[in-house]
Amino acid sequence: MATIRKATPQDATKINEITRKAFTLYADELQKGSRVKALEEPQSAVLDDIRAHNVFVAEEDGALLGSLRIKALSADLAYLYRFGVDPTIRNTGVGSDLLQAAIDDCRKAGFAAIALHTNAKYYTLARYYYGKQFYVHSTSTAKGYIRALFVKELDDRLFDISPAYYE
């Protein structure tokens, strides 16, 4: 069983590797010519995120299996990004454990909601987020494909979603 923990700078290389593997599959689901920034991200960006935001990893027997990142967009709104699991262990529950750790952390931090973007046409991924009680707030084609803004409300407080539009 995987252990979920906060990432350390020593994890950056492996996080970058897993992110590239996972987002290569994501890129395959996009329209031809669509750019996926996660595939171009340097290791220094991973280190910056570990230092400035909450980065979680799933680890088993010393091997990293997946990661995700959360940052505060406002006092009430968190943003989840670069969520990826090693493709060789997809559908084993590791991603769900990672996501639950992030949700729990956001609740503990007092956020009212979590937002994320994903390809609206990637049926399997959209269905996954619906199963975790996220809903589609809106869509955009600004990045060259139909991108959905998913939201999970953590309580019944009002929050401003607009900071997530620019992510």
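**Salt bridges and a surface patch in a predicted model**

Student: In this predicted model, which strand holds Tyr135?
Tutor: Tyr135 is partly exposed, at 30% relative accessible area. Together with Tyr130 and Val136, Tyr135 makes a nonpolar surface patch of about 260 Å². The strand that holds Tyr135 covers residues 135–140 and is S6.

Student: How many residues apart in sequence are the parts tied together by Arg69 and Glu41?
Tutor: The closest N and O atoms of Arg69 and Glu41 are 2.9 Å apart, and the pair forms a salt bridge. Arg69 is in strand S3 (residues 63–72), while Glu41 is in the loop between helix H1 (12–28) and helix H2 (43–52), so the parts tied together are apart in sequence by 28 residues.

Student: Is Asp49, a salt-bridge partner of Arg69, buried or exposed?
Tutor: The salt bridge between Arg69 and Asp49 has its closest N and O atoms 2.8 Å apart. Arg69 lies in strand S3 and Asp49 in helix H2, so this pair links parts 20 residues apart in sequence. Buried means under 20% relative accessible area. Asp49 has a relative accessible area of 12%, so Asp49 is buried.

Student: Where does Glu167, which forms a salt bridge with Lys71, lie?
Tutor: Between Glu167 and Lys71, the closest N and O atoms are 2.8 Å apart. Lys71 lies in strand S3, and the pair ties together parts that are 96 residues apart in sequence. Glu167 itself lies in the segment after strand S7 (147–153).

Notes: Residues numbered from 1 in each chain as written. Predicted model: local features only at pLDDT ≥ 70, side-chain atom pairs only at ≥ 80, totals over all residues. Heavy atoms only, no water. Patch = residues over 30% accessible without salt bridge, like charges linked within 9 Å, V, L, I, M, F, W, Y side chains within 5 Å. Areas by Shrake-Rupley, 256 points an atom, 1.4 Å probe, with all protein chains shown as cover. Salt bridge = Lys/Arg side-chain N within 4 Å of Asp/Glu carboxyl O. Helix = DSSP H or I, 4+ residues; strand = E, 2+ residues; numbered from the N terminus. Buried < 20%, exposed > 50% of the residue type's maximum accessible area, 1.4 Å probe, protein only.
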